[in-house]
Amino acid sequence: MSERPPASPRLPGLLYLFALCNLVLGTGAFGLGGILEQVAADLKQPVQAVGQNMTAYAFATALLAPVLLVLAGRWQRRTAVLATLGMFALGVLVSVLATDLSTLLLGRVLMGAGASFTPLAAGIAVALVPPAQRGKALSTTFLGMSLSYVIGVPLGAWIGLAHGWRWPQIAVLVLLLVMMVLVWRLMPANVDAPGSSFKGLGALLRRGEVLRTLSMTLLYFIAIFSVFSYIGPVLLSLVPLSPAQLSGTLVVFGLAGVAGTLSGGWATDRFGALPSLRVQLSGLLLMMLLVPLTKGLYLPLLLTLVAWGVCGFGM
């Protein structure tokens with residue numbers, strides 16, 4: 001009789017707490033996409049201008065988050081995690097209090113800086129598990145971001161359409177404070193994970209494989225967010241939807257993202273990162289080409305979004 005292979009060790013419980021934090025951050029970051037028209041009407045600005053809130057968030061994440069990670073490189077990991085969550089919470093508060101577009105964009109910049117929590121948590125996740133579990137650890141940590149599309153973004157769109165766009169952001173602020181308390185209580189102060197620094201950055205950026213990876217990541221996010229920043233108006237321009245149908249469509253997209261996140265981690269551990277990325281990127285490219293062709297056809301649009309979610313979040 002053949003013996004059963006030994007069971008894989010369980011992932012640290014801290015990774016599930018990080019997933020919850022990413023769920024709240026993802027809801028705050030992307031929740032305005034479905035209710036842009038309400039935000040624009042309240043601030044008396046065109047939808048196109050208000051959509052730049054995601055541009056402000058993305059630029060802050062790209063430019064400020066790496067600097068903050070380095071500045072906090074020598075801090076205890078729990079202190080660094082709490083600082084990034086606190087920065088994001090401050091940005092949400094500023095956004096909630098905004099009465100003009102400039103203040104809203106300032107809040108989004110602070111949120112983008114606080115989004116450095118996500119790579120910080122990813123680095124801790126990788127450090128806490130053996131190499132064979134790194135794909136699973138990362139997919140678990142990022143699972144919360146995918147779940148934000150299932151739970152947070154559709155629920156936020158429904159609440160925002162019914163009661164005003166500020167209320168979903170207020171809920172995010174309250175949940176962030178809860179997450180900070182949980183991190184303070186449950187995360188050990190002496191987690192053994194390396195911090196970041198600029199040491200060796202020049203040599204690293206001269207490596208072709210590093211530049212290719214950074215370039216692909218940049219182009220990937222430009223492609224994704226140039227569409228998702230306006231996901232509500234985009235969907236409504238393709239197929240007329242009621243508020244409930246719009247929220248339901250976002251839920252299905254989020255479920256596809258969850259499936260993509262989990263399958264992406266499994267595929268990385270099973271087949272390797274590059275083969276998995278080739279399949280996912282090819283599928284994502286095809287789906288984005290097909291989206292404009294689904295105008296007036298709800299079921300093809302939904303199926304295209306499902307495939308988009310699986311491939312996009314898998315990456």
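1. Let's start with a word you'll need: "buried" means under 20% relative accessible area, while exposed means over 50% and partly exposed is in between (1.4 Å probe, protein chains only). Tyr 57 has a relative accessible area of 10%, so this residue is buried. Phe 30 is buried too, with a value of 7%.

2. A quick word on where this comes from: you're looking at a predicted model, where local features need pLDDT of at least 70, side-chain atom pairs count only at pLDDT 80 or more, and totals for chains, interfaces and linings use all residues. Residues are numbered from 1 along each chain as its sequence is written, and side-chain values use heavy atoms, with hydrogens and water left out.

3. Now for the rings: there are four aromatic pairs in the structure. Rings of Phe, Tyr and Trp (its six-membered ring) pair if their centres lie within 6.5 Å; planes under 30 degrees apart count as stacked, over 60 as edge-to-face and the rest as tilted.

4. Take Phe 30 and Tyr 57: the ring centres are 6.4 Å apart and the planes sit at 70 degrees, so this pair is edge-to-face. Phe 30 belongs to helix α1 (residues 14-30) and Tyr 57 to helix α4 (residues 52-71), so the pair links distant parts of the chain, 27 residues apart. Helices here are DSSP runs (H or I, at least four residues), numbered from the N terminus.

5. Phe 253 and Trp 308 are edge-to-face as well, because their planes are at 70 degrees, with centres 5.5 Å apart. Both residues are buried, and ring pairs join Phe 253, Trp 308 and Phe 313 into a cluster.

Key
Helices (H or I, at least four residues) and strands (E, at least two) are DSSP runs, numbered from the N terminus.
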